[in-house]
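Subject: Handover of a structure

Dear colleague,

Please find below the structure that I am handing over to you.

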Amino acid sequence: LSLYGFTTWEDIYNLLEGASGKQIFSTTHRLLKHRDLLLLSEISAAKTSSYLLASVQETLAFPLGKLTLEIVGKTGNFDKNIAYVDNSLITYPLEVRKWKAGDKFKPFGMKGNKKVSDFLKDEKCSLLDKENTWLLCAQNRIIWIINHRIDEAYKITNKTTEILKITLIS
């Protein structure tokens, strides 16, 4: 870990013995305790926190990768990097942004609303994963927690006439 600027063994030992979520920093990196693991991440300068997609023809590059939209005739393989939603329920522009405290959505397959923070906790996401979670939204409503789950309101039903395939290419 000295290659990443960590030089005090006592700090690292205390981190190993500490609670999940505890972290220490060097000038360039962060070392985070998550359950029985230590996660190392580079400290990066703050970048744009919100991006807009004006239409289905656009492709959006943002820190997680590239987001593409495509109208398709039917659903295909289900994957954490792909979301299928009812296109008739989508209002442009779409916003891609980091989640924030107080964000709520209705997870696909569930009856009630849930805070995004609680959803990520239930998914056993590390602090690092939580900090790197992005949302796809329309008019301040969450469509998809990217790489996780769509909102129940945007699901495909037997009344769906156009399917929007949203793909994250990492």
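Which residues does Trp 144 touch, not counting residues up to four places away in sequence? In this predicted model, Trp 144 touches Leu 67, Lys 80, Asn 81, Ile 82, Ala 83, Trp 134, Leu 135, Leu 136, Arg 149, Ile 150, Ile 166 and Leu 168.

The largest nonpolar core has 23 residues, and Leu 67 and Trp 144 touch the most other members. Two or more residues of this core come from each of the strands β4 (50-53), β5 (59-62), β6 (65-72), β7, β8, β11 (134-138), β12 (141-145) and β14. Apart from this core lies another, of 9 residues, which include Phe 119, Leu 120, Ile 142 and Ile 145. As general background, nonpolar side chains in soluble globular proteins tend to be buried together.

Leu 1, Leu 3, Tyr 4 and Leu 40 form a nonpolar patch on the surface, and together they have about 410 Å² of accessible area. Leu 3 belongs to the segment before α1 (9-17). With a relative accessible area of 79%, Leu 3 is exposed, because the cut-off for that term is over 50%.

I turn next to the charged pairs. The whole structure contains 5 salt bridges, and three of them are described here:

- Arg 30 and Glu 131 meet through their side chains at 2.5 Å, N to O. Arg 30 lies in strand β2 and Glu 131 in helix α3, so this pair ties together parts that are 101 residues apart in sequence. Arg 30 is buried, at 8% relative accessible area, whereas Glu 131 is partly exposed, at 34%.
- Arg 97 and Asp 103 form a salt bridge in which the closest N and O atoms are 2.9 Å apart. Arg 97 is buried, with 7% relative accessibility, and Asp 103 is buried as well, with 9%.
- Lys 155 and Glu 152 are joined by a salt bridge of 2.5 Å, N to O. Lys 155 is partly exposed at 28% relative accessibility, while Glu 152 is buried at 15%.

Leaving aside neighbours within four places in sequence, Thr 160 is in contact with Asp 86 and Lys 155. Thr 160 lies in the loop between β13 (149-150) and β14 (163-169), and its relative accessibility of 17% counts as buried. The side chain of Thr 160 makes a polar contact of 3.0 Å with the side chain of Asp 86. That side chain of Thr 160 also reaches the backbone nitrogen of Thr 157, at 2.8 Å.

Finally, I would draw your attention to some features of the backbone. Tyr 92 and Pro 93 are joined by a cis peptide bond, with omega about 5 degrees. Pro 93 is found in the loop between β7 (82-86) and β8 (94-98). Arg 35 is not a glycine, yet its phi is positive, at about 55 degrees. The loop between β2 (29-34) and β3 (37-42) holds Arg 35, which is partly exposed at 45% relative accessibility. Lys 124, likewise a residue other than glycine, has a positive phi near 60 degrees. Lys 124 sits in the loop between α2 (116-122) and α3 (127-131) and is exposed, with a relative accessible area of 54%.

Yours sincerely

Key. Residues numbered from 1 in each chain as written. Predicted model: local features only at pLDDT ≥ 70, side-chain atom pairs only at ≥ 80, totals over all residues. Heavy atoms only, no water. Patch = residues over 30% accessible without salt bridge, like charges linked within 9 Å, V, L, I, M, F, W, Y side chains within 5 Å. Areas by Shrake-Rupley, 256 points an atom, 1.4 Å probe, with all protein chains shown as cover. Salt bridge = Lys/Arg side-chain N within 4 Å of Asp/Glu carboxyl O. Helix = DSSP H or I, 4+ residues; strand = E, 2+ residues; numbered from the N terminus. Buried < 20%, exposed > 50% of the residue type's maximum accessible area, 1.4 Å probe, protein only. Polar contact = N/O pair within 3.5 Å; in protein donor to acceptor, adjacent residues only side chain to side chain. Contact = heavy atoms within 4.5 Å. Core = buried A, V, L, I, M, F, W, Y, C linked by side-chain atoms within 4.5 Å.
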